[in-house]
Amino acid sequence: MPIVKNVSRAVSQLLQSSGCGCGISIVPIRCIGVSPRQVASDASFHSVSFSESDHPRVLITGGLGQLGVGLAKLLRKRFGKSNVILSDIRKPADNVFYSGPFIYADILDYKNLREIVVNNRITWLFHYSALLSAVGEANVPLARAVNITGLHNVLDIAAEHNLRLFVPSTIGAFGPTSPRDPTPDLCIQRPRTIYGVSKVHAELMGEYYHYRYGLDFRCLRYPGIISADSQPGGGTTDYAVQIFHDAMKTGKFQCNLKPDTRLPMMYIDDCLKATLEVMEAPAEALSMRTYNISAMSFTPEELAQEVQKHIPELQVTYNVDEVRQAIADSWPMNFDDRNARRDWGWKHDYDLPELVTTMFSFLGSDSRIAQAN
C-alpha cells in the first residue's frame, strides 16, 4: 500500500505546516438547529441562507386532503409554482399532479421526510396529515400513529432545520366540560375522541417546542370547513358538504346529525386566507401560538333552509349517527376568536347566505336552479 502511505504522509505534513508559515484555518461548523433528536453523523446539508425578501420554500404534508390542494394553489399564486411542494402517500389526480411540484412523503418515515426538507431547502411546512374524527374512532391505532407519531417526526425535523411550522387544530380539541357558547382560546380541553386528543397533544407539543427549542410554531383551531373542491372525508361536520352534493344529484339529503346541532363553520376560502395570514404575521404580533378562528355558526336545519332557497324541492330527512352525534354534542357551538381578530387582523368574508350561493355557483347548479324556479 505504498501510495496510500505516501498520501497519508503528505497530508500529515501539510497539516503540521504550511508554505506561507501560517497555521491552517479550521472553519467552524454552523449548527443547523436545535432538536431533541440527534443529527446523524453522516448527514449532509445544503449551505443556503435566505433573506427576508426571498419567498419561502413550502412543503405541505397530507396535501390531497380537503385543504392541501386549495392551499397549494393559493401559495403558488403568492410565492411561485416551483416554491410550493404538495405531498401525500396517495396518487394524485392528473390535474393536481400537473399543476405543480408533487412528491411522495410518508410522515411516519422520518429519514425520508428529513431528506425531502433538506434536498428541497424547505423553510415553511404545513402539516395536514391526519385521520379525522369519525375515521379515527374506527381505527384508533392508525390514528394514534398518524396523528401523534407523525407529528413528533415533523416537530423534530422542523426544530432541527429552523422551519416555520403550521399544524391545524380543530373544534374537536374541546370536550363536553369545555364552555361551548362561546368557547374561548384558553379553557378546559378534555376531548373524547382520538382525533381531539391528538390535536390537544399537537397544540401543547408545538408550544413546548416553541418555548424549549425556539420553533416558530403556529396553529389555528379550524371550525367545520365547507368546500366544493373535495368529497366528505369522514369528519363529523361533513354533512355540511354532503348536503350540496346530494341536493345536486338526487334532490334528497339524509343528515346524520340532529336538526338543532349547532356547530361553528367556515367556507374554505376564509380558512385558507386565515392560514396564510397567520403564517405571514410578524412573530411579535402573536400573543399566543394557537388561535380559535370562526366565521359563522349554524344547525343542519338552518343550512337546509338556506339551501332550499335555491332548490325548493330538496327533501331533508334525519337518520342520526350516534357516534357522530356524541362527538358533535361535545364540541363548541360558537368560537370566540377575538384574539385572532385583534392580534393579526383576522376577518372572515363568508356568512351563511354567501356560503350557500358560492357553493352552488361552484358546483355549476345554474340549470337545476332554473328548473326548480
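This is a predicted model: local features need pLDDT of at least 70, side-chain atom pairs count only at pLDDT 80 or more; totals for chains, interfaces and linings use all residues.
Figure 1. The protein contains 14 helices and 13 strands, and 50% of its 373 residues count as buried. The close-up views below take up some of these helices, together with selected rings and loops.

**Figure 2. The packing of helix 6 against helix 7.** Two packed helices are described by the angle between their axes and the distance between the axes. For helix 6 (residues 140-160) and helix 7, the axes come within 10 Å and cross at roughly 15°. Because an angle under 35 degrees counts as roughly parallel, helix 6 is described as roughly parallel to helix 7. The crossing of these two helices is right-handed. On the side of helix 6, the residues that take part are Val140, Ala143, Arg144, Asn147, Ile148, Leu151, His152, Leu155, Asp156 and Ala159, and they meet Ile194, Tyr195, Ser198, His201, Ala202, Met205, Gly206 and Tyr209 of helix 7.

Figure 3. Glu203 belongs to helix 7, which spans residues 194-213. Leaving aside residues up to four places away in sequence, Glu203 touches Ser169, Ala173, Gln189, Phe217, Cys219, Arg221 and Thr290.

**Figure 4. The packing of helix 8 against helix 10.** Helix 8 (residues 239-249) and helix 10 (residues 300-308) pack with their axes 11 Å apart and at an angle of about 30°, and these two helices are therefore roughly parallel to each other. Their crossing is right-handed. Helix 8 contributes Tyr239, Ala240, Ile243, Phe244 and Ala247 to the contact, while helix 10 contributes Pro300, Leu303, Ala304 and Val307. The residues of this contact divide into nine nonpolar, no polar and no charged.

Figure 5. The structure holds 14 aromatic pairs. In one of them, the rings of Tyr208 and Tyr213 have centres 6.3 Å apart and planes at 90°, so this pair is edge-to-face. Tyr208 has a relative accessibility of 43% and therefore counts as partly exposed. Another edge-to-face pair is formed by Phe244 and Phe360, with 5.4 Å from centre to centre and 70° between the planes. Phe244 lies in helix 8 and Phe360 in helix 13 (residues 352-363), so this pair ties together parts that are 116 residues apart in sequence. Both partners count as buried, Phe244 at 0% relative accessibility and Phe360 at 1%. Elsewhere, ring pairs link Phe79, Trp124, Phe126, Tyr128, Phe166 and Tyr222 into a cluster.

Figure 6. Arg121 is placed in the loop between helix 4 (110-119) and strand 4 (124-127), and its phi is near 55°, a positive value in a residue other than glycine. With a relative accessible area of 35%, Arg121 is partly exposed. Asn162, which is found in the loop between helix 6 and strand 5 (164-166), also has a positive phi, of about 55°, although it is not a glycine. Asn162 has a relative accessible area of 61% and is therefore exposed, because that class begins over 50%.

Definitions and conventions
Residues are numbered from 1 along each chain as its sequence is written. Side-chain values use heavy atoms; hydrogens and water are left out. Axes are lines fitted to C-alpha atoms, for helices over the stretch in contact, and angles run from 0 to 180 degrees between N-to-C directions. Helices (H or I, at least four residues) and strands (E, at least two) are DSSP runs, numbered from the N terminus. Angles under 35 degrees count as roughly parallel, over 145 as roughly antiparallel, 65 to 115 as roughly perpendicular and the rest as oblique. A crossing is left-handed if the near helix is turned anticlockwise from the far one by less than a right angle, and right-handed if clockwise. Contact means heavy atoms within 4.5 Å. Ala, Val, Leu, Ile, Met, Phe, Trp, Tyr, Cys and Pro count as nonpolar, Asp, Glu, Lys and Arg as charged, and the others, Gly among them, as polar. Rings of Phe, Tyr and Trp (its six-membered ring) pair if their centres lie within 6.5 Å; planes under 30 degrees apart count as stacked, over 60 as edge-to-face and the rest as tilted. Buried means under 20% relative accessible area, exposed over 50%, partly exposed in between (1.4 Å probe, protein chains only).
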